[in-house]
Amino acid sequence: MTRKRVFSTTNANGLVAAALSILFVATLSARAAQIGSSAPDFHGTDSNGKMQSLDQYRGKFVVLEWHNHDCPYTMKHYESGNMQSLQKDWTAKGVVWFTVISSAPGTQGYVDGSQENAYLKKMNAKPTAAILDPKGDIGHLYDAKTTPNMFIIDPGGKLIYAGAIDDHATTEVSDIQSSKNYVSAALTEAMAGQAVQTPVTRPYGCSVKYLR
């Protein structure tokens, strides 16, 4: 007697959904920026309603800083003044610094333009602009995983650093002084015409609150 193997519609749908999920993740990974390769251009509206893109800053170093004001790891660097100090120091040297907020509506860290501007004023933060990315388009282009997650693009448009802000993956403000700041190190080396010695590190912080 021959037995027939029967797959339920539910199982079949589950297999299809799993396959589509794997394909989606693989597609995002393939699209994500790679060290040494051209950083993907993006277009996003900042907190003042102005359109910002990577290509318009070709010829300059650009820093992307993924941000969530409610994340304890982000708070560590803002409440201590560390992130603001980095922004001011490097923009004074001609670096373009974008704070990018990819929190979706209804999730931790989501803000509209007026809320973000109020936050920037309160914290005395000085990025070149704060880009609102509620659909996560820019975040997925760069495969941003945490807040903070830092990326550096050179004047030729190549990604030269991706990862953590420093080497102490904690929420303790007291750790900042003894930390190696990967962003400052990479910018210092690159602006001196040297290769970035540590181009990739593992980012730490809260997960980026993308649309589900």
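Tutor: What follows takes the labels one by one, and the model is a predicted one.

Student: How many helices and strands are there in the chain?
Tutor: The chain has six helices and nine strands. Of its 212 residues, 46% are buried.

Student: What makes Y57 count as buried?
Tutor: Buried means under 20% relative accessible area. Y57 has 15% relative accessibility, so Y57 counts as buried. F98 is at 0%, and therefore F98 is buried by that rule too.

Student: How many aromatic pairs are there, and why is the pair of Y57 and F98 called edge-to-face?
Tutor: The count comes to nine aromatic pairs. For Y57 and F98, the ring centres are 5.5 Å apart and the planes make an angle of 75°. Rings pair if their centres lie within 6.5 Å, and planes over 60 degrees apart count as edge-to-face.

Student: Are W66 and F151 buried or exposed?
Tutor: The cut-off for buried is under 20%. W66, at 0% relative accessibility, counts as buried, and so does F151, at 4%.

Student: Which residues do ring pairs link into a cluster?
Tutor: F42, Y57, W66, F98, Y142 and F151 are linked into a cluster by ring pairs.

Student: What lies over the face of W90?
Tutor: K93 does, at 4.3 Å from the ring centre. The distance limit for a charge over a ring is 6 Å, and K93 falls within that limit.

Student: Which residues of helix α3 are buried, and what do they pack against?
Tutor: In α3 (residues 82-91), the buried residues are N82, M83, Q84, L86, Q87 and W90. They pack against β3 (62-66), α2 (72-79), β4 (96-101), α4 (113-123), β7 (150-153) and α6 (182-191).

Student: Which residues lie nearest the centre of the largest pocket?
Tutor: Y142, D143, K145, F151 and A162 do, among 15 lining residues. The pocket has a volume of about 200 Å³. Strand β8 (residues 159-163) gives the largest share of its lining, three residues. By class, nine lining residues are nonpolar, four polar and two charged.

Student: What makes a cavity something other than a pocket?
Tutor: In a cavity, a 1.4 Å probe fits but cannot get out, whereas a pocket is open. This structure holds one cavity of 30 Å³ or more. The largest cavity is lined by K180, Y182, A185, A186, E189, Q197 and T198.

Methods
Residues numbered from 1 in each chain as written. Predicted model: local features only at pLDDT ≥ 70, side-chain atom pairs only at ≥ 80, totals over all residues. Heavy atoms only, no water. Buried < 20%, exposed > 50% of the residue type's maximum accessible area, 1.4 Å probe, protein only. Helix = DSSP H or I, 4+ residues; strand = E, 2+ residues; numbered from the N terminus. Contact = heavy atoms within 4.5 Å. Phe/Tyr/Trp six-rings, centres within 6.5 Å; stacked < 30°, edge-to-face > 60°. Lys NZ or Arg CZ within 6 Å of the ring centre and 35° of its normal. 1 Å grid on protein atoms, 1.4 Å probe; cavity = no way out; pocket = protein on both sides within 12 Å on 5 of 7 lines; lining within 4 Å. Points joined across faces, edges and corners; volume = space filled by probe spheres on them. Nonpolar A, V, L, I, M, F, W, Y, C, P; charged D, E, K, R; others polar.
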